[in-house]
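Subject: Structure for you to look at

Hello,

Here is the structure I promised to pass on. Please open it first, then read my notes below.

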Amino acid sequence: MAIEYREWREGDDLTLLEIWGGPETYQAGQFRAALAVSSAGTDGAPWRRTIVAEDVIDGIGIPVAAGVVYEASLHPERLWTYIEVARDHRRAGIGATLLTMLRREAGQAPSGVAKLRAKVQPGTPGAAFAGAFGLAPIQRSRLVVVEPGALKLPVFPAKDDGGGLANDENAGSDVVMDLATGSIELTDVVGRYYTSIHGWDSPGVLSVGQVQKLFLDDLTGAHGAIVLRAEPESAFGSGVAPSKKGRIRAFAVSYAEAAQDPAADASVRGAKATDVFVGHEPGLEANDAAAAVRDLLSLLAYQHPVMLELDDSMTALRAAVEPLLESGKARQAGAETLIVSD
Ligand SMILES: CC(C)(COP(=O)(O)OP(=O)(O)OC[C@H]1O[C@@H](n2cnc3c(N)ncnc32)[C@H](O)[C@@H]1OP(=O)(O)O)[C@@H](O)C(=O)NCCC(=O)NCCS
């Protein structure tokens, strides 16, 4: 086997796709798209270096493996990397050589950032390879489907309609509310929540526009949001109807089915659950945050299953969902994803 290494060229993706066949993991499916022509990072596209390994037979080189390293404006403290080697060329050191070459390239990244990060699935060759080269897990992420009726609905205090009679029909109407996905109040809490659960890999400074683009605008598939608010309080005491809404305790954004990743494996796509992003005001005390998230989730999953991404760093969501996983009222869809880094 005579292996030669060169820069990625236009068209390599098609040749490699033919040689590699279907992606062996969900993460591989996602990251193959990152294999693209190198970029100096000066034309608006992120800095990227992509290397191809060719097996040279009778003077003709056939691409068999590739690796990429690139900068990301979101989570800028590490560079993403991805390496793939054709199955019949594995365990011959090609992956290791590509990683060494990519590390050398990373040393030239304009940002000065050289730490690498990758996504792998536990128990796969990718995870073993990462482990062998000192890339250790910094986060674990699971997709979880919460079955209908898994959580008890919250009981909201009946509202006093002013005539001294409690009105059960409207109970909760001033704490559970729909909110437009374009709402500034929603965008603000979503951005601060996202930052708060990424202490392990800072997203950098998120602008309102970035938060919108990532989670809330039409292209994300976001089609609705509900929030759980604190009880409104009147500045004039309990006898006077409050004029202001209570602050947001928890939020949920739901996404249209079409926005789900088509590369997701069958157990994920077959779930027919609504994809939701659930979070809370990061300033809440831990128990309060967990209670708020649990209440909102119980409303979301009252009649229909919902699917959410559960990272180990999402403490409040874990408190609500992990007991459901243990009791079988929620299930994991697909395999775990590990984010590994050096
Ligand atoms: C991960 C991958 C790139 C490794 O490529 P490779 O060319 O086979 O890797 P190497 O031969 O250089 O292996 C280097 C070391 O990694 C470890 N390793 C690689 N594959 C392994 C496996 N299947 N099981 C256990 N250890 C493994 C071993 O320590 C190996 O050294 P050794 O062969 O002397 O024991 C390849 O399996 C692949 O393409 N997987 C699918 C894509 C993927 O998951 N990429 C990882 C994201 S970065």
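Helices (H or I, at least four residues) and strands (E, at least two) are DSSP runs, numbered from the N terminus. Residues are numbered from 1 along each chain as its sequence is written. This is a predicted model: local features need pLDDT of at least 70, side-chain atom pairs count only at pLDDT 80 or more, and totals for chains, interfaces and linings use all residues.

Confidence comes next. pLDDT is the predictor's confidence in each residue, from 0 to 100. The protein chain averages 91, and 90% of the residues score at least 70. Over residues 258–263 the pLDDT is below 50. Where pLDDT is low, the predicted coordinates should not be read in detail.

Now the ligand. Around the ligand are 23 residues, and Arg90, Gly95, Ala96, Pro125 and Gly126 come nearest. (A residue is near a molecule if its C-beta atom, placed from the backbone, lies within 6 Å of it.) Strand 4 (79–85), helix 3 (94–106), strand 5 (116–120) and helix 4 (125–132) each supply at least two residues of this shell.

Last, a helix pair. Helix 8 (residues 286–300) and helix 9 (residues 315–327) pack with their axes 8 Å apart. Axes are lines fitted to C-alpha atoms, for helices over the stretch in contact. In helix 8, Ala286, Ala289, Ala290, Val293, Arg294 and Leu297 meet Thr315, Ala316, Leu317, Ala319 and Ala320 in helix 9.

Best wishes

Conventions: Contact = placed C-beta atoms within 7 Å. Axes fitted to C-alpha atoms, helices over the stretch in contact; angles between N-to-C directions.
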